[in-house]
Each structure stands twice: as C-alpha cells, then as structure tokens.
Amino acid sequence: MSQYRPEGISDVFTEPTEPTEKPVVQGIGLTGWLRWAWRQLTSMRVALLLLMLLAVAAVPGTVWPQRAQHPERVATYLTDHPTLGPVLDRIGAFNVYSSVWFSAIYLLLFVSLVGCILPRTKVHLAGVRGRPPRAPRRFGRFPAQGDGLSDETPERLVQTATDVLRRGWRLLPFVPTYRVETRDEGDGTWSVAGERGYLRETGNLVFHLALVGLLISVATGQVLHYRGQMIVVQGTGFANSEGAYDTFERGTAYSPTSLVPFTLALDDFESRFDPETLASRDFTAHVTLTEPGAQPEKKTIKVNHPLDAGGAKVYLQGNGYAPDLTIDDASGAVVSDGATPFLPQDLVYTSKGVVKVPDVTGGQDQFGLIGFLLPTKKAVQTPNGTAYVSQFPEPNDPILVLNVWKGNLGLDTGVPQNVYELDEARMTQVKDAAGDPVVLVVKPGETVQLPDGLGTLTFNGLKRFVALDLRHDPALVYVLVFALLAFAGLATSLFAPRRRVWMRFAAGDDEHAGRTVVTAAGLARGDDVGLQPEVDRVLAATLAAGQNPDREGTQ
Amino acid sequence: MNTGDLSTLMVWGAATAFTVALIAYAVDLARIAEGSQRVKQPALVAAGAGGPVSAAAGSADQRAASRSVRAEGIARSTHFVGIALLFAGIVLRGFAAGRWPTANMYEFTLVAVFWATLILGIVQRRRIIAFLSVVVMGLAVVALVVALNWFYIKADAVQPALQSYWLVLHVGVAISATGIFTVAFGTSVLQVLKSHREEAVLSGGVQRTLSGRRFSWLEQVPSGRELEAMSFRLNAVGFVLWTFTLIGGAVWAEHAWGRYWGWDPKEVGTFVAWVVYAAYLHARTTRGWSGRRASYFVFVGYAVVLMNFTVVNLVVTGKHSYSGL
C-alpha cells in the first residue's frame with residue numbers, strides 16, 4: 001500500500017527519481033478481494049466506464065415519456081402499447097432518473113470519485129507543504145530549455161533569479177508566483193528551483209468535492225422541499241396551507257412548519273399578445289401578499305420573475321379566463337354564483353370548462369353545463385348552421401358556447417371527480433324539438449333561459465385566473481454555491497499552469513572563463529504552450545537584472 | 001427592404017463568401033496533396049544520399065512551394081469577409097427583432113457559425129491548416145444553408161419565458177461552446193488521421209491507406225501531438241463554457257419554470273454531452289487511453305452536441321422547443 005499513488009496525476013511531473021518496486025502479488029483472501037475491488041472501482045478506467053454508462057443511461061429518458069414530468073403521456077403510452085408498455089414500465093423506462101440502475105451508476109461513480117479524490121487530496125496537501133524539488137543534474141530531457149552568459153557571480157545571479165521568480169502576479173503583487181528554493185551545489189555552482197501552480201490541483205480537487213456537495217444538496221432539497229399548485233381567480237385569494245392547493249407534493253422529511261401561512265390574492269392580470277402571430281408577449285399578475293404579522297403589500301408576478309413569499313417562491317405558470325356566471329333554478333333560487341375557470345386549450349385561448357349545479361331545490365334534476373369560452377369570437381358558417389371559433393386570445397368579443405346535461409352529476413358516489421370534466425354516465429344531454437343538442441350562446445351581460453325549464457343563466461362578465469406554482473427548497477442556496485465552486489474549480493484546474501523552472505549558475509571555463517554560464521529548464525503538467533516563453537522570460541529577466549548595460553550577454 | 005430582409009441578405013452573402021473560402025481552402029489542400037506526392041520520392045532519395053541536414057532543408061523548401069499562395073490569399077480574405085457579413089447579419093437581426101438575437105434555431109446557428117469561423121481564423125492566424133479549414137468551413141456552409149432554408153423564421157419579439165438576461169448569457173455561452181467544439185472536432189479528426197500516419201510510417205504500414213500517397217498531404221499538417229494539444233485546449237475552453245451553460249441554464253430554469261433541473265430533453269442532452277466531454281478529459285490522463293483513443297470521445301461528444309441541437313429541438317417536444325418551426 002505504501003507505493004499507492006492515486007491515478008490521473010502519475011505523469012512525467014510526478015515521476016519518481018528511482019524506479020518503483022513491482023507490486024507484490026498478495027494472498028487472495030477476503031481482504032485481498034475487497035482491496036482489489038476497491039482499487040478497480042477507484043481506478044480511472046472504471047470511472048471512464050461509469051461516465052460513459054451514465055451518459056448512455058440518461059438517454060432513454062428522452063425516448064420514453066417520464067412519469068415525473070408527464071404522467072399523462074405515460075398513461076397514453078401504456079394504453080397505446082399494451083404489450084410493450086408494461087415491460088418497459090417494469091424495467092423503469094418511465095422513471096429513468098429514479099430507477100435502480102440509473103441511481104446505481106451515479107452512486108458508484110460518486111463512490112469512485114471519492115475513493116480517487118481523498119487519496120489525491122492527501123498527496124496534494126503533502127505536496128503543498130513540500131519544497132520544490134532540487135534542480136536535476138541534466139536539463140537535456142526537459143521540454144523547455146534556455147541558456148545564457150553573465151558577468152555576475154553565481155551567488156549574485158541566484159539572488160536575482162530568486163527575486164525574479166518570487167515577483168508577484170500582476171494583479172496580486174504581494175502573492176509570489178513561484179515557491180523558490182536555492183542551493184549551493186559546491187565548486188561555486190548554484191542552482192535555483194521554482195514551482196508554481198499548486199492551485200491547478202487544488203482547483204481539480206475543489207471541483208470534484210463540490211460535485212459531491214452538489215449531489216448532497218440536491219438530495220437534501222428533495223427530502224425537505226414542498227411544492228403546491230393552484231388556480232386563483234381574480235378577486236379571490238388563498239392562504240398557504242396544504243388544503244389550499246389543487247396538488248401538493250412534499251419530500252419525505254418535509255416539516256409542516258416550513259409552510260409559512262401567508263395569504264395571496266389576485267387583484268388583476270394583464271396579458272399582451274402579438275396581433276399577427278398570436279404569440280404571447282407579456283403576462284403580469286398583480287397580487288396582494290400578506291405575510292403573517294405584516295401589512296398587505298402590492299406585488300407583481302411575471303414569468304421569469306417569481307415572487308418570494310414565506311421562504312418559498314411563487315411562479316406564474318399559466319393563465320386563462322373564468323366566466324362569472326349566475327344560475328337560477330326553475331324556482332328562481334340562485335343555485336350557482338361565481339367565476340368558474342375555463343382551461344385554455346390552444347394559442348387563441350379556446351377555453352374548456354364545466355359548471356356543475358348539484359344543489360337544486362326540491363326534487364328537480366341536477367344539471368351541468370359543458371362547453372367553451374371564446375375570448376374573441378368569429379362566426380363560421382357550416383352545413384349545420386353557424387359555429388363559432390376564437391380568433392384572438394384577448395377578450396375583445398367573448399362568448400360562451402355551452403351544452404346542457406341533466407340527471408345525476410355523480411358527486412355523491414364517493415369517487416373524487418375532476419372539476420374540469422363532466423361525468424356523463426348518469427346524465428342525458430338536453431335536446432331540442434328537432435332532436436339536436438341544445439347549444440347556448442351567451443354574451444357577457446346576457447341572461448338566457450335554460451332548456452327543459454331548468455332555470456336561467458346569466459353571464460355577468462369575464463374574470464382572469466392564474467395558475468400558480470409554489471415551491472420551497474431550503475437547499476437551493478447550497479446547490480448554487482456548490483455549482484459555482486465546481487465551476488471555479490474546473491476553470492482553475494484547466495487553466496492555471498503548473499510549472500517548475502530550474503536555473504543553474506556555474507563558473508564558465510575555456511572561452512567563457514571568468515563569466516557565469518546560466519542554464520535553465522522548465523517542466524509543466526500537461527501541454528503548456530506558455531512554458532518555453534516563461535523560461536525565456538525568467539532567464540532574460542535574471543540576466544538583464546544583473547547586466548551592465550554596455551556589456552550585453554550572448555544568448 | 002426592411003432590416004430583417006437586409007439581415008437575411010447579409011447571411012446569404014456570408015454563406016457565399018464561406019463557400020468561396022471553402023473552395024479556395026480545398027484548392028490549397030489539393031495543391032498541398034499534389035505537392036507532397038511529388039516531393040515524397042526526391043526527399044527520400046535525398047535522405048539516403050545527403051544525410052539528414054540536406055533532406056530536411058530540401059523538403060522544407062519544397063513544402064513551402066507546394067502551398068498555393070493565391071488560393072490561401074483568396075481563402076483568407078473571403079473567410080474574413082464572410083465573418084464580417086455574418087456579424088452584420090446577426091446585429092441587424094437583433095435590431096429587426098428588437099432583442100438579443102439568440103432566441104431560436106436560426107439565430108443559434110448563425111451565431112454558432114460566427115464563433116466557429118472566428119475561432120478557426122484565430123487558430124490559424126499564423127499558418128493555414130487547410131484540412132481543418134475545409135472541415136470547419138464545410139460544416140459552416142452546410143449549417144448556414146440549412147439555417148436559411150429550414151430554420152428561418154421572421155425576426156420577432158419572444159415569448160415571456162425568454163425575456164431574461166439569461167437569453168444573452170446562457171444561450172450566448174452555449175453557442176460559443178458549440179462553435180469551439182466544432183473547431184476542436186475538426187482538429188481531433190485531423191489528429192487521428194495524422195497520428196495514424198505517423199504510426200504507419202514508424203511501424204511500416206499497418207494503416208495502409210493513411211500512409212499512402214493519397215493522404216500524403218498529411219505531411220503538411222502539424223504533428224499528432226501538437227494537434228492533440230490544440231484540440232485539448234479548445235475542448236477545455238469549450239467544456240468550461242458548457243459547464244457554465246448547464247449552471248446558467250439551471251439558474252434560469254429556477255426563475256422561469258420553478259425548478260433548476262427537471263430532466264427536460266434538452267437538459268438531458270446537455271448533461272450527456274457534458275458527461276462525454278468529462279470522460280474525454282479523464283481519458284487523456286488515463287494510461288492506455290491518452291492520445292488517439294481519447295479523441296474518440298471528442299467525436300462522440302460532438303455528435304451529442306449536434307443531436308442535442310437538431311433532434312432535440314425538432315423531433316422531441318420539451319420545454320426548450322423554441323425553434324419557432
């Protein structure tokens with residue numbers, strides 16, 4: 001174990017001076033196997049394999065619909081493919097990102113990452129405290145080299161070189177670039193060794209550890225979060241409580257105390273559409289927010305600009321129209337009064353909705369209205385008479401087009417009903433004398449008679465509604481911090497150069513007698529285009545600093 | 001003619017200039033190939049007779065002669081004219097739409113081509129690498145023509161979800177990363193060919209075709225090691241930008257859609273590409289995988305980047321379906 005060196009940093013840079021011993025074959029026992037398995041798992045080769053597996057395993061999620069995102073599409077797929085569907089479902093094709101195999105891959109990858117990064121951190125910490133390795137005897141094998149002559153003594157030059165190497169960064173002049181070590185090699189020969197770029201490995205380690213932090217933060221958020229969705233009609237509001245939501249989901253360790261009981265009311269809603277393409281241009285919800293113990297405040301919610309309320313964020317996810325209707329039954333009693341959201345189905349806001357009237361007085365049939373709201377109507381002549389379509393999403397000329405059903409709404413069967421669907425099983429459609437379904441066409445302000453003497457319907461006006469999505473994730477800030485740390489670490493590990501520079505100053509002989517022969521060499525981790533220029537720069541600066549201006553050294 | 005039409009005209013102009021540049025680069029490449037085929041025999045004779053010094057000198061002279069100065073001049077100037085026209089087209093497009101011009105596939109393609117051709121210009125500012133230019137210019141011309149014919153939509157304002165400064169940052173960075181990956185891909189292709197040839201010369205022709213006369217133009221390109229280093233530098237920059245695309249995208253998604261990550265098809269594609277390029281960076285430092293084998297990851301990664309742009313935008317429906325088609 002003593003010669004174990006983490007993989008990935010064993011390159012020319014870390015090559016030991018003496019050859020390492022061949023690993024001894026150990027007796028295979030349980031520990032032997034475990035150790036072997038651990039070595040395999042933390043090897044770069046396996047990490048590579050896991051990375052590619054992760055990439056491949058993520059793909060099915062775009063091929064098949066996912067339950068977490070589009071449960072309705074999964075249901076459709078299952079009905080359309082009665083044989084293949086269940087098989088795919090069993091292997092988790094509709095829950096790829098929470099499936100056992102996907103989780104296994106990324107968890108193994110993270111184990112491998114930790115197993116690789118921890119030893120590297122140890123090696124790096126030792127390296128950071130260490131001194132630059134002394135100048136090698138021969139400079140010939142290094143990728144960057146240089147030489148020169150000087151009239152200064154080696155002692156003076158080594159001092160100059162140290163100063164040159166220690167000179168700070170342009171932006172941080174007090175932080176020395178190189179860690180420098182000088183050495184008297186005897187016989188009047190001096191050498192200097194400089195090393196820089198410890199940040200490169202630091203960045204690498206920070207990047208990988210930040211990924212672990214990111215994973216933990218995301219998981220924490222998953223466990224603690226809650227998310228609710230609801231529809232709020234203009235003029236009404238809601239209090240932040242589980243019961244107020246149409247749908248509510250929460251993490252396993254969600255605590256109800258994280259649900260701050262603020263109230264939010266929709267005052268107004270503005271929308272803007274392109275007159276030619278009908279594409280949406282702007283949505284703004286004007287709301288009144290009342291945090292517990294605080295005064296009501298006017299706020300706006302826009303797409304891209306969620307509202308912060310009670311430690312959660314409120315997003316504007318949809319909008320539409322809610323016709324304000326008053327329905328009187330045959331006896332003249334008001335049986336339904338208020339705005340009913342109609343859900344937009346297309347670009348021109350052809351909106352579908354249902355009004356259920358269960359509370360009729362004494363012995364009459366329950367009835368329901370189902371149909372469409374057209375914000376800006378356009379009459380179309382068809383063989384069967386006039387039909388209406390919507391031609392613009394703004395409510396310039398709205399009408400309601402409704403069919404009437406009577407019978408039993410089925411609200412007391414105990415089966416939960418969708419408020420936007422009419423359960424027609426126990427109901428009959430009301431038809432006219434000719435046997436055609438009755439179609440009510442109502443403009444705002446109009447009151448029409450319901451067929452079969454069911455009563456009257458008054459279309460009081462049109463209100464807006466918004467679909468809000470509220471999300472609380474206490475780990476959000478940690479997710480961001482770790483993501484940014486990972487980014488900074490990555491950039492540092494890829495762009496901070498790790499370099500060693502050595503220089504030797506020896507007394508010249510023969511034709512250079514009396515002068516000092518300067519040699520320099522550089523080594524970098526990975527490919528480093530800046531290495532040779534750096535060696536040249538250091539060499540030139542050293543020679544120039546010790547130079548008499550009228551006696552230029554030969555290079 | 002309004003600003004939008006003028007922009008389209010500029011882009012057509014850029015496509016034309018790039019086509020001329022592509023032809024000129026191809027002529028240069030052909031001339032180089034021809035030259036190296038002619039040179040090959042004499043150089044070997046010289047090596048046998050006169051020793052290494054004269055051989056080196058001889059081949060260097062003839063190498064210089066085998067480049068087509070005129071073709072290179074035409075290529076370089078039309079290349080830069082194309083970049084200028086494309087830039088003007090992009091700016092005018094932004095004015096016509098009244099917003100930052102990176103909101104749909106058409107604009108994405110224009111800006112990606114702009115980046116790729118600009119990076120190509122920078123990479124070969126000292127010395128033209130004809131093969132790399134042919135690969136990147138070829139991709140650029142195809143991308144522009146596809147964009148003009150199939151991705152084009154009228155310059156217009158955008159839906160509320162896109163009205164954010166992240167349209168500049170997130171999409172802008174994604175585009176520049178795509179451009180850089182394109183040049184890196186070309187470099188890696190060249191690196192694989194070249195290193196095969198280098199090995200073939202050493203080992204006596206395992207890779208026959210590549211060591212043959214047909215590929216003798218490979219003698220003119222930088223060494224496999226240099227190309228690998230160049231490809232790595234480009235991919236490293238691209239990868240960092242891609243990481244920013246992911247993080248910035250998550251921040252934006254958190255603002256716009258109420259969650260930072262939701263396995264939207266585009267998110268998956270971007271994630272897969274990121275993982276593949278991460279694998280490439282790891283492969284480079286893995287014994288037995290460095291060099292040519294690592295560059296296969298670049299091919300896979302670039303394929304994922306392209307698929308993520310085309311298939312995910314046009315075929316799969318997701319929250320990133322902004323092509324406007």
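**Exercise 1. Work out the order of the elements in chain B, from the N terminus on.**

Step 1: Walk along chain B from the N terminus, and the elements read α-α-α-α-α-α-α-α-α.
Step 2: Tally them by type, which gives nine helices and zero strands.
Step 3: Buried residues account for 52% of the 325 residues in chain B. Take the contacts in chain B between residues at least 6 apart in sequence: 81% of them join residues at least 24 apart.

**Exercise 2. Decide how far to trust chain B, given that this is a predicted model.**

Step 1: Start with the average. Chain B has a mean pLDDT of 83, and 85% of the residues score at least 70.
Step 2: Confidence in chain B is highest in H8(B), at 93, and lowest in helix H6 (residues 208-211), at a mean of 66.
Step 3: The predictor gives it an ipTM of 0.84 and a pTM of 0.84.

**Exercise 3. Check whether the span of helix H9 of chain B agrees with its number of residues.**

Step 1: Helix H9 covers residues 292-314 of chain B, 23 residues.
Step 2: At 1.5 Å a residue the helix should span 33 Å, and its end C-alpha atoms are 33 Å apart, so the two values agree.
Step 3: Now look for a bend. H9(B) has a kink of about 35°, centred on Met307(B).
Step 4: See what is tucked away. The buried residues of H9(B) include Phe297(B), Tyr302(B), Asn308(B) and Phe309(B).

**Exercise 4. Is His79(B) buried or exposed?**

Step 1: Count its neighbours. His79(B) has 27 C-beta neighbours inside 10 Å, so this residue counts as buried.
Step 2: Name its contacts. Leaving out residues up to four places away in sequence, His79(B) touches Ala21(B), Thr117(B) and Gly121(B).
Step 3: Compare sequence with space. His79(B) and Leu120(B) are 41 residues apart in sequence, and their C-alpha atoms are 9.5 Å apart.

**Exercise 5. Describe how domain 3 and domain 4 of chain A meet.**

Step 1: Get the bounds. The domain assignment puts domain 3 at 220-319 + 469-483 and domain 4 at 322-466.
Step 2: Their centres, taken over C-alpha atoms, are separated by 30 Å.
Step 3: At the contact, 14 residues of domain 3 of chain A meet 12 residues of domain 4 of chain A.
Step 4: On the domain 3 side, strands S4 (226-233), S7 (263-273) and S11 (312-329) each supply at least two residues. S7(A) gives the most, with four residues.
Step 5: Sort that side by class, and you get nine nonpolar, five polar and no charged residues.

**Exercise 6. Describe the contact between chain A and chain B.**

Step 1: The contact uses 39 residues from chain A and 35 residues from chain B.
Step 2: On the chain B side, the elements that give two or more residues are helix H7 (224-256) and helix H8 (265-284).
Step 3: By class, the chain B side has 24 nonpolar, 10 polar and one charged residues.

**Exercise 7. Where does Asp187(A) lie, and is this residue buried or exposed?**

Step 1: Asp187(A) lies in the loop between strand S2 (179-186) and strand S3 (189-196) of chain A.
Step 2: Asp187(A) counts as exposed because there are 8 C-beta neighbours inside 10 Å.
Step 3: Check its backbone. Asp187(A) has a positive phi of about 55° although it is not a glycine. Most residues other than glycine have a negative phi.

Definitions and conventions: Residues numbered from 1 in each chain as written. Chains lettered and ligands numbered in written order. Predicted model: local features only at pLDDT ≥ 70, side-chain atom pairs only at ≥ 80, totals over all residues. Domains from an automatic or database assignment. Contact = placed C-beta atoms within 7 Å. Nonpolar A, V, L, I, M, F, W, Y, C, P; charged D, E, K, R; others polar. pLDDT = per-residue confidence, 0-100. Expected span 1.5 Å × (residues − 1). Bend = angle between axes of the 7 residues up to and from the residue. Buried ≥ 20, exposed ≤ 12 C-beta atoms within 10 Å, placed from the backbone.
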